[in-house]
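Hi everyone, thanks for coming. Let's take a look together at a ligand site and then at some aromatic rings.

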Amino acid sequence: MKWAPFSNRQTGDLNRVEAPVTLRGYLLCAFAAFGGILFGYDSGYIGGVLGMNYFKLQFGHSGSTDPSAYHGYLYDTWQKSLITSILSCGTFFGALFAGSLADWIGRRSTIIAGCMVFSIGVILQVASTTVGLLVPGRLIAGIGVGFVSAIIILYMSEVAPKAVRGAIVSGYQFSITIGLLLASCVDQGTHNRMDTSSYRIPMAIQWVWAVILATGLFLLPESPRYFVKKEQLDKAAHALSVLRGQPVDSQYIRDELAELVANYHYEIENMRASWLDCFRGGWKPSGNLRRVCLGMAMQMMQQWTGVNFIFYYGTTFFQQVGMKNSFIISIITTVVNVCSTPISFWTIEKLGRRSLLIYGAIGMLVCEFIIAIVGTADSGSQAANMCLIVFTCIYIFFFASTWGPAAWVVIGEIFPLPIRAKGVALSTASNWLWNFVISEITPYMVDSDEGNLKSKVFFIWGATCTLCVFFAYFFVPETKGLSLEQVDRMLEETTPRTSASWVPHDTFADQLTRADVDKVTSGMGAAHFEKAKDLGSSSV
Ligand code: BGC
């Protein structure tokens, strides 16, 4: 069955570089998005746990005058920011390390290894009764999440058919939002318990997601582009045939494989694939340096939209501005996040990545400035609090339908194969680095015994979102509807502002010299396809 709901940027022969999308192929690629639940749940559950009375009693100390203290019991500001942000510190290093590992043992195996590391971190967290054990637990779990978050984007971008790649990677963001929502619900369900189960249940549930992800990935094929990089073309042909639902020796599989191999040969001629190569090529749009800066800046700016202020510190912030039901308000914001993300499945392919980023940032900055102005002019009033809730929800709507998914989609698409694993890893590490920096500094901006900015903090997020608009306009190219190999060519021939009107004019396989063709096709002889067929009969 054909199943490609979105339009392509090309017609005719150029479409032959990939088989038509089948529902089965779509679902196979979409399963990996499940990894987002791990990411979302893990980063989300801690906000609610920090707001729990039993947790304040167990992990804090007496004598606090903060309005959010429980009978005077509270942890210090530095402990709160350390417990929250140490996860991002682990994910930062995990993502970087995973960039090398994914080229070495494969994309799929790296994600499974990430689930194992993560499980060790979960055990330590559940066992903890002091900050001293909780922090290493979060750090180790973070390393595992780093593996998973960097390599899932890489894996999904590499296995997804081009017409639905944006939608499939947006599915990852959708899972992140579901993870955040599940975390809020679990926190809500246990926060009134007055024993260790209040925080241990939310911590232990993290493990379930890791088990489901690792088990599911065992059943999925490795990325064909990884096998091309390893020059194992029989395995590449077999993986492609499983993913595209076409016989291994069909013309579609031969054409797509020829294009992957030809592109790889073309790219590898100009570079090896070391970390240093990520920083070569200068400032032209197709240069590796420019692409790596774009990916890292993209993720940095996504964090500077201020979204995690709501998801990490929302519960305690709403308590600080005098709202009752802060747990319920946090759940509402996460529900808005979940419900708005699927809009991007369609818009990301229809309107494109660039437009979503530009208009999304404009929507967010308007909301943030309204919250800041009303909250400052009429601080603590019923009206200001209502405004805070309503515009926080509209703000989350804009984030979830634009920058949330688009930032991940873009980093999966802009790197050439030789440095793709490392480029995606660096970009993901940048997400976590800025996630860490921002979650580390925000308590100092808003806590009553520190900056006590209250709603004024939204002036800062409004200003940084304004920078996001300029960033998207000047630096982000339009990649919708192109194969990853065509994106390479587009970057060579356009600038970000002219990229949307570029159409593919030939394939890499077309451009090979006679010698190159021999080199490529000698690796794709009948023997390879026979071997790939054998692989087919022994595995998925
Ligand atoms: C961001 C996270 C954020 C989440 C919210 C992701 O794309 O990278 O930092 O918590 O979206 O849905």
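Helices here are DSSP runs of H or I with at least four residues, numbered from the N terminus. Please keep in mind that this is a predicted model, where local features need pLDDT of at least 70, side-chain atom pairs count only at pLDDT 80 or more, and totals for chains, interfaces and linings use all residues. Residues are numbered from 1 along each chain as its sequence is written, and side-chain values use heavy atoms, with hydrogens and water left out.

So, which helix gives the most to the shell around the ligand? That is helix 7, with four residues. Of its 15 residues, Gln173, Gln302, Gln303, Asn308 and Trp408 come nearest.

Now the distances: a side-chain N or O atom of Gln173 is 2.6 Å from a ligand oxygen, and for Gln302 the value is 2.7 Å.

On to the rings. Rings of Phe, Tyr and Trp (its six-membered ring) pair if their centres lie within 6.5 Å; planes under 30 degrees apart are stacked, over 60 edge-to-face, and the rest tilted. That rule gives 26 aromatic pairs. In one of them, Phe317 and Phe458 have ring centres 6.2 Å apart and planes at 65 degrees, so they are edge-to-face. This pair links distant parts of the chain, with Phe317 in helix 13 and Phe458 in helix 20, 141 residues apart. Both are buried, meaning under 20% relative accessible area (1.4 Å probe, protein chains only).

Key:
Near = heavy atom within 4 Å. Polar contact = N/O pair within 3.5 Å; in protein donor to acceptor, adjacent residues only side chain to side chain. Helix = DSSP H or I, 4+ residues; strand = E, 2+ residues; numbered from the N terminus. Buried < 20%, exposed > 50% of the residue type's maximum accessible area, 1.4 Å probe, protein only.
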